[in-house]
Amino acid sequence: MHIAWLGKKTPFCGNVTYSREITGALTNRGHKVSFMHFADTKADGDEVPLPFLYKSQVFTIPTIRAKRVLERSLRRRKPDLVHASLSLSPLDFLLPEICQELDLPLISTFHTPYDGKRRNVTSTTQLLAYQLYAPFLAKYDRTIIFCEEQQDLLVKLGVPRDRIMIIPNGVDEQKYTPEIGSIKSIKNEFSARQIYVYQGRISTEKNVESLLKAWKYCNMSNYGCKLLLVGDGPLRPNLEPFYNLEHGVVWLGAIRDDARRIEILQGADVFILPSLVEGLSLSLLEAMSCGVACVATDAGADASVIANGAGVVINTQGVSGQLRTILPILREHAAWRESLGKAARQRVLDDYTLKGNVDRIENLYREILTPIRAVG
């Protein structure tokens, strides 16, 4: 089948990884994918650049021309369906109208993070995004989300339950795999006895400062531990002067090279995700697939991923205080770290592989297209 995929290629974020991994897998299975994304470059093969005024990891502002470019491309390419990996853009709200006019089935993946318990200001802000999107998601043929709690929230906001599909993210378990050799290599590179990793945006909702405060309080650097921060964002200039190599904190910035990111995860002892809001973190799944012991808050769907022994779940309230207790225990108990890492890897193999994810997306495509082809 021919899929018109509307997603992101830059700047690097979870949405970019999601689009790349899914479209790559679909192409490998013999499907044709026309990738439509916001860019200022010329068309390359099956790519369609859409003009924009501004884009960031969080949202995108298209030009007035973007709608016309998208419509023209869809008319010319005649795909079987459109799948939008929603990038928080005004164009998201116009897609139902565009696809209805062209008689094209429309599917979305809604990545917007959340904290279903609404325990903090950030989660309240994310709820506003859900309230804004719900009337438009109700017009999509299907919307893919990651867990039942997220589904219940959208249903309360008016999205018909039969238009929502729960398809958790997945990772390539053969690509993200434990590798004993990397452990020694990374530890030598950073002169560390133990490596702890955070991967994601350096922004308010990711709550990185709570991790840094706990790290500094526990004097982790005095025990030969290093904290590697993989990612960038608006809060980095404010935090980096106060948490640096003196405290065993290494700011690596955004790393787009998969091989390097995987090498770091394979060499890590612990992965920590202190987010206030989440969807279903691909970074968390990548670390789990590499056999790393994981600590994450119960925001979004992350708690269900590492529940029942596949990781350590903490509350989004009082993250720093909880980490002050957990970090020294993880530091001193290698057997526990190893056990958590093995359980994390097995959880991915059981429930969160990329193959399983794409299988379910393919089935959804067929379900959507079957009535159309039967009529045709």
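This report covers salt bridges, a charged surface patch and a few individual residues of a predicted model.

Residues are numbered from 1 along each chain as its sequence is written, and side-chain values use heavy atoms, with hydrogens and water left out. In this predicted model, local features need pLDDT of at least 70 and side-chain atom pairs count only at pLDDT 80 or more, while totals for chains, interfaces and linings use all residues.

**Salt bridges**

The whole structure holds 26 salt bridges (a side-chain nitrogen of Lys or Arg within 4 Å of a carboxyl oxygen of Asp or Glu). Three of these pairs are tabulated here.

| Pair | N to O distance |
|---|---|
| Arg20 and Glu21 | 3.1 Å |
| Arg142 and Glu367 | 2.8 Å |
| Arg331 and Glu332 | 2.9 Å |

Helices (H or I, at least four residues) and strands (E, at least two) are DSSP runs, numbered from the N terminus. Arg142 is buried at 18% relative accessibility, and Glu367 is partly exposed at 40%. Buried means under 20% relative accessible area, exposed over 50%, and partly exposed in between (1.4 Å probe, protein chains only).

Glu21 is buried at 15%, whereas Arg20 is partly exposed at 31%. Both residues also belong to a network of salt bridges that links Arg20, Glu21, Lys175, Asp258, Arg261 and Glu286. In the remaining tabulated pair, Arg331 is buried at 10% and Glu332 is partly exposed at 48%.

**Positive patch**

Arg65, Arg68, Arg72 and Arg76 form a surface patch of positive charge. Patch residues have over 30% relative accessible area and no salt bridge, with like charges joined within 9 Å and nonpolar side chains (Val, Leu, Ile, Met, Phe, Trp, Tyr) within 5 Å. Arg68 sits in helix H2 (residues 65-77) and is partly exposed at 46% relative accessibility.

**Individual residues**

Gln151, in helix H5 (residues 148-156), is buried with a relative accessible area of 11%. Beyond its neighbours within four places in sequence, Gln151 contacts (heavy atoms within 4.5 Å) Ile145, Arg161, Ile164 and Ile166.

Asp269 lies in the loop between helix H9 (258-266) and strand E13 (270-273) and is buried at 15%. Not counting residues up to four places away in sequence, Asp269 touches Lys187, Arg193, Gln194, Ile195, Val292, Ala293 and Arg337.

Gln174, in the loop between strand E9 (164-166) and helix H6 (180-189), is exposed at 68%.

Technical notes. Areas by Shrake-Rupley, 256 points an atom, 1.4 Å probe, with all protein chains shown as cover. Lys, Arg positive; Asp, Glu negative; His and termini not counted. Charge placed at Lys NZ, Arg CZ, Asp CG, Glu CD.
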